[in-house]
Amino acid sequence: MNSNTYNLAVVIRRGVPRVLLALAAPLASINVVQAQAPEYPIKVVRIVVPFPAGGSTDVLARMVGQRLTETWGQNVIVENRPGATGTIAGALVAKSAPDGYTLMMHSTSSYTSGFLYRKLSYDAATAFAPVIRCAISGLYIVSSATLPAANIKELVALAKRRPNEVTYATVGKGSVAHMGAEMFNAAAGIKTVTVDYKGSAPALLALASGEVGFSVLNILDPGPFVKQGKLRGLAVTSAKRSPAIPEVPTLLESGINIEASLWTGLFAPAGTPPAVINKLNGEIGRYIAAPQTNTWLVNNFGGEFAPHTPGEFREFLTGDTARWQKVIKQIGLQLD
């Protein structure tokens, strides 16, 4: 006899009116159903990536998915939905059931893009529940070796002498590379000219050839060109030096008072049960915090991981998004 049956039997022996028994029985059955409810996950979980396969966000999502599959014995698959700076994937996940079976691996670019487009089917500020920030790094300011500026102070001085002449490359309008450069321009009090490219590869080639003067990129992409002497590493935008390129100073060290981050993190649709979000946060956090995984992040992603709760991730996003929205407003940037 289970506890619910025992409780009902005691009630009967004590002569409680039948009407009360009729009310008590359904409640007992509800408790039994709740106790027997299956735990998450009981079916395939998919992680939607807003970029093509093979990029850093995709690789990180697949590593996390493989770990969860091995731990849970339940398949976790990655689905690539590139396009419109991440808003195609964002719309898909935002309208998915908030049950933990459709997740999204956002990056700074894809997350902030939700605040750039005039017409979206979702509200970027409320559509997603933060789960865990998987990696974070600064951005890397690099210049062409042909540009007569060996450091940040010389770049700023050059741009002030030649306003609206020094050019900078972006990997696309509205990208973090674009907004990061504009954040730098505003803080340094300089005016430079934007040149948009379709991705980091053509932007790097333009820099290496001297077609443009400087750019703001992720930590690792410019590395081979810097080693070859075709580019100069000027500064990183993080609060401290990057362990991936410790020889490069921060902007703060260079006298420019700004801090900007490039991050990758997992999200669920808004309304996903806290128990599911906390389970994902705990399992992924244990995996990424392992020394070998953290070393991989530094060497292959240029980023680091710091354990945190979903609430702490949300608090970080509040400040980070406010910084990017300020830049968006300053330059009047909106996309259709």
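This is a short chat about the fold and packing of one predicted chain.

Q: What kind of model is this, and how are residues numbered?
A: The model is predicted: local features need pLDDT of at least 70, side-chain atom pairs count only at pLDDT 80 or more, and totals for chains, interfaces and linings use all residues. Residues are numbered from 1 along each chain as its sequence is written, and side-chain values use heavy atoms, with hydrogens and water left out.

Q: How many helices and strands does the chain have?
A: Twelve helices and ten strands. Helices (H or I, at least four residues) and strands (E, at least two) are DSSP runs, numbered from the N terminus.

Q: What share of the residues count as buried?
A: Of the 336 residues, 49%. Buried means under 20% relative accessible area, exposed means over 50%, and partly exposed is in between, with a 1.4 Å probe and protein chains only.

Q: Sheets next. What is the strand order in the open sheet of five strands?
A: The order is 7-6-8-5-9, with mixed pairing. Two strands pair if DSSP finds at least two bridges between them.

Q: Which are the edge strands?
A: Strand 7 (193–196) and strand 9 (231–236). Each pairs on one side only.

Q: And the twist, what does it average?
A: It averages 30 degrees from one strand to the next.

Q: Strand 5: in which sense does it pair with strand 9, parallel or antiparallel?
A: Antiparallel, with five bridges joining strand 5 (residues 140–144) to strand 9. Ile141 has Ala235 as its bridge partner in strand 9, and Ser144 has Leu231.

Q: What about strand 5 and strand 8?
A: They pair in the antiparallel sense over four bridges. Ile141 stands opposite Val216 in strand 8.

Q: Why is strand 5 described as largely enclosed?
A: Because five of the five residues of strand 5 are buried, it is largely enclosed by the rest of the structure.

Q: Which helix lies across strand 5?
A: Helix 8 (residues 200–209). It also lies across strand 6 (167–170), strand 8 (214–217) and strand 9, and runs at about 150 degrees to strand 8. Axes are lines fitted to C-alpha atoms, for helices over the stretch in contact, and angles run from 0 to 180 degrees between N-to-C directions.

Q: Now strand 1 and strand 2. How do they pair?
A: Strand 1 (residues 45–49) and strand 2 (residues 76–80) pair in the parallel sense over five bridges. Arg46 has Ile77 as its bridge partner in strand 2.

Q: Switching to helix packing. At what angle do helix 10 and helix 11 pack?
A: At about 75 degrees, with their axes 5 Å apart. The helices span residues 274–289 and 291–300. That makes helix 10 roughly perpendicular to helix 11 (under 35 degrees is roughly parallel, over 145 roughly antiparallel, 65 to 115 roughly perpendicular, the rest oblique).

Q: Which residues make the contact?
A: Tyr287, Ile288 and Ala289 of helix 10, and Pro291, Thr293, Asn294 and Leu297 of helix 11. Contact means heavy atoms within 4.5 Å.

Q: Last one: where is Gln325, and how far is it from Phe115?
A: Gln325 is in helix 12 (residues 310–331). Gln325 and Phe115 are 210 residues apart in sequence and 7.5 Å apart in space, C-alpha to C-alpha. At 36% relative accessibility, Gln325 counts as partly exposed.
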